[in-house]
Amino acid sequence: MAVPEALTAIPGVRTAAQLREPDAGPGELLTVLPELARLLPGGGLRRGSTVAVRGGTSLVLALLAAATRDGSWAAVTGLPELGLAAAAELGVDLERLALVPDPGAELVAVLSALVDGFDLVVLGPAPVSDQTARRLAGRVRSRGAVLLTAGAWPGADLELRVSGRRWHGLTQDGHGHLRARDVVATSRGRGAAARPSSVGLLLPGPEGAVAGGDLRGRRLVEVAG
């Protein structure tokens, strides 16, 4: 059955075939915060890719911030203890965020449905076989979504690691308030991302959002943790 021309002329409406045209294909980038751009090939999240983030749920949420503010939709599953206040402080537009706290035994079906309907999908720590990971990664590519996993993912296109955590704010005698956490984020993957890239970040920064990791001029006392 042919699609009426009047329908396809409406801005934003596309046929299934048009969804695979180059301007909506895997090469399209979703924006990220400027502080995170150096970690990603092309400076953004490539549609159709899988990104494994190890060592920091905060970094996963920070990767959603700019894209949701720019109009993209995101879904999170498998993170029942996700703090919405923290997500909002990191810059995530909560009006464009859907939550499926516990997918239960239907993980694959839930994840497939989310990939079909959202630009970005976040998956909490979950045991996934190599075969299942390949099948889901193929679905991510065909739908032009981005899959972000909080933990390892077999065959991920890009892996981000968070290390060197150090909190700032307490005085030497243990008084005061934690104000910021200094971390090092490192990325490594395939192709253009084969060479590791590292950036220093305040995650979270003093105001809750992501900030650059240069602490010169900040009178913050360091505490390990």
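**Cores and confidence in a predicted model**

Author: This is a predicted model, in which local features need pLDDT of at least 70, side-chain atom pairs count only at pLDDT 80 or more, and totals for chains, interfaces and linings use all residues. Residues are numbered from 1 along each chain as its sequence is written, and side-chain values use heavy atoms, leaving out hydrogens and water. In the largest nonpolar core, which has 40 residues, L36, L45, L63, L64, L120 and L148 touch the most other members.

Reader: What makes this a nonpolar core?

Author: The term means a set of buried Ala, Val, Leu, Ile, Met, Phe, Trp, Tyr and Cys residues joined through side-chain atoms within 4.5 Å. Buried is under 20% relative accessible area, exposed over 50%, and partly exposed in between (1.4 Å probe, protein chains only). L45, as one of the 40 members, therefore has to be a buried residue joined in this way.

Reader: Which residues is L45 in contact with, beyond four places in sequence?

Author: They are E28, L29, L30, V32, L40, V51, L63, L120, V146 and L148, where contact means heavy atoms within 4.5 Å. A second, separate core of 16 residues includes L107, A145, W153 and A156.

Reader: How do you know on which side of α4 its buried residues lie?

Author: Helix α4 (residues 107-117; a DSSP run of H or I, at least four residues) has L107, L111, S112, L114 and V115 buried. They cover an arc of only 165° around the axis, so they sit on the same side of α4; the arc is that of the directions from the helix axis to the C-beta atoms.

Reader: Where does pLDDT stay under 50?

Author: Residues 1-27 are one such stretch, pLDDT being the predictor's confidence in each residue, from 0 to 100. Residues 215-225 are also below 50.

Notes: Helices (H or I, at least four residues) and strands (E, at least two) are DSSP runs, numbered from the N terminus.
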